[in-house]
Amino acid sequence: MYRYVAIERQYCSGGQEVASLLAKKLGYKLYDHDILVETAKRLELPAIYISDLEETAQSNPIFNLSQTALGGLSKKKNIPLSDQIFNAEKQIILDVAQNQNCVFVGRCASHILKDRDDCLRVFIYAGNEYRLDRALHKENLAFDKAAGELKRVDKRRSDFFAAHTGLKWGDKEFFPISLDSGTLGTETCVAILAAAVGK
């Protein structure tokens, strides 16, 4: 039986919805945006800035903010803000994993917990047509911006994962389970993962 499920997901693949439904079905604690809130508290930074900066590769110019008053709020000006955010999120993931069964969404939890035999690593993906439809109707993105946003967010997540793990995002050798949510549907993805967790 797996105590932890760590899900990486393409943007608008429905990965967060799968995670939420899976956590409810299993009776596990879901960790997604609440990690962001706790990270903001620990770094003494507004949550809105953490949201903008997390899952962004360290090479991104936005991390020059770590040398400004904004970065200075965390009292660690000599440490890049990207590292501060990742290290805080990593510690939060390790802390909560000690006390309860969890479903994690993103934030490299799959790599942070990779040495645990009771962590199931999952990648959720889908075809562009399915994701574009979700972008338009679930995320309410404008039609002329949706395709570009899919590429932008996917690249951001891919670069972040590679920067902190040295691995390729979505690598099937690293993720024992990769599910096409567009083909299978959300409920089937949840059922497959619930069955896998119960083994």
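**Chatting through a predicted model**

Trainee: Leaving aside neighbours within four places in sequence, which residues is Arg116 in contact with?
Mentor: Once those neighbours are set aside, Arg116 touches Arg3 and Tyr4. Keep in mind that this is a predicted model.

Trainee: How far apart are Arg116 and Tyr4, in sequence and in space?
Mentor: They're 112 residues apart along the sequence, yet their C-alpha atoms sit 9.0 Å from each other.

Trainee: Where is Arg116 found, then?
Mentor: Look in the loop between helix H6 (109–112) and strand S4 (119–125).

Trainee: And why does Arg116 count as partly exposed?
Mentor: Because its relative accessibility is 34%, and partly exposed covers what falls between under 20% (buried) and over 50% (exposed).

Trainee: Okay, new topic: helices. How do you describe two that pack together?
Mentor: You give the angle between their axes and the distance between the axes. Take H2 (residues 33–43) and H5 (residues 81–97): their axes come within 9 Å and cross at roughly 120°.

Trainee: What do you call that arrangement of H2 and H5?
Mentor: H2 and H5 are oblique to each other, because 65 to 115 degrees would be roughly perpendicular and over 145 roughly antiparallel. Their crossing is right-handed.

Trainee: Which residues meet there, between H2 and H5?
Mentor: From H2 you've got Ile35, Glu38, Thr39, Arg42 and Leu43. From H5, the partners are Gln84, Ile85, Ala88, Glu89, Gln91, Ile92, Ile93 and Asp95. Sorted by class, the H2 and H5 contact has six nonpolar, three polar and four charged residues.

Trainee: What about H7 and H8, at what angle do their axes cross?
Mentor: Helix H7 (residues 128–137) and helix H8 (residues 143–165) have axes that cross at roughly 115° and come within 9 Å. So H7 and H8 count as roughly perpendicular to each other, and their crossing is right-handed.

Trainee: Who makes that contact between H7 and H8?
Mentor: H7 brings Asn128, Arg131, Leu132, Ala135 and Leu136, while H8 brings Phe143, Ala146, Ala147, Leu150 and Asp154. In the contact of H7 with H8, seven residues are nonpolar, one is polar and two are charged.

Trainee: Is Cys102 buried or exposed?
Mentor: Cys102 is buried, with a relative accessible area of 0%.

Trainee: Which cysteines have a positive phi although they're not glycine?
Mentor: Cys12 has one, about 65°, and Cys108 has one of about 60°. Most residues other than glycine have a negative phi.

Trainee: Where do Cys12 and Cys108 lie?
Mentor: Cys12 is in the loop between strand S1 (4–9) and helix H1 (15–26). Cys108 is in the loop between strand S3 (102–105) and H6. Cys12 counts as buried at 8% relative accessibility, and Cys108 counts as buried at 1%.

Trainee: Last one: what is Ser181 in contact with, leaving aside neighbours within four places?
Mentor: Its contacts are Ser13, Ile124, Tyr125, Ala126, Tyr130, Thr186 and Cys189. Ser181 is found in helix H9 (residues 181–184) and is buried, with a relative accessible area of 0%.

Terms used
Residues numbered from 1 in each chain as written. Predicted model: local features only at pLDDT ≥ 70, side-chain atom pairs only at ≥ 80, totals over all residues. Heavy atoms only, no water. Helix = DSSP H or I, 4+ residues; strand = E, 2+ residues; numbered from the N terminus. Buried < 20%, exposed > 50% of the residue type's maximum accessible area, 1.4 Å probe, protein only. Contact = heavy atoms within 4.5 Å. Axes fitted to C-alpha atoms, helices over the stretch in contact; angles between N-to-C directions. Parallel < 35°, antiparallel > 145°, perpendicular 65-115°, else oblique. Left-handed = near helix turned anticlockwise from the far one by under 90°. Nonpolar A, V, L, I, M, F, W, Y, C, P; charged D, E, K, R; others polar.
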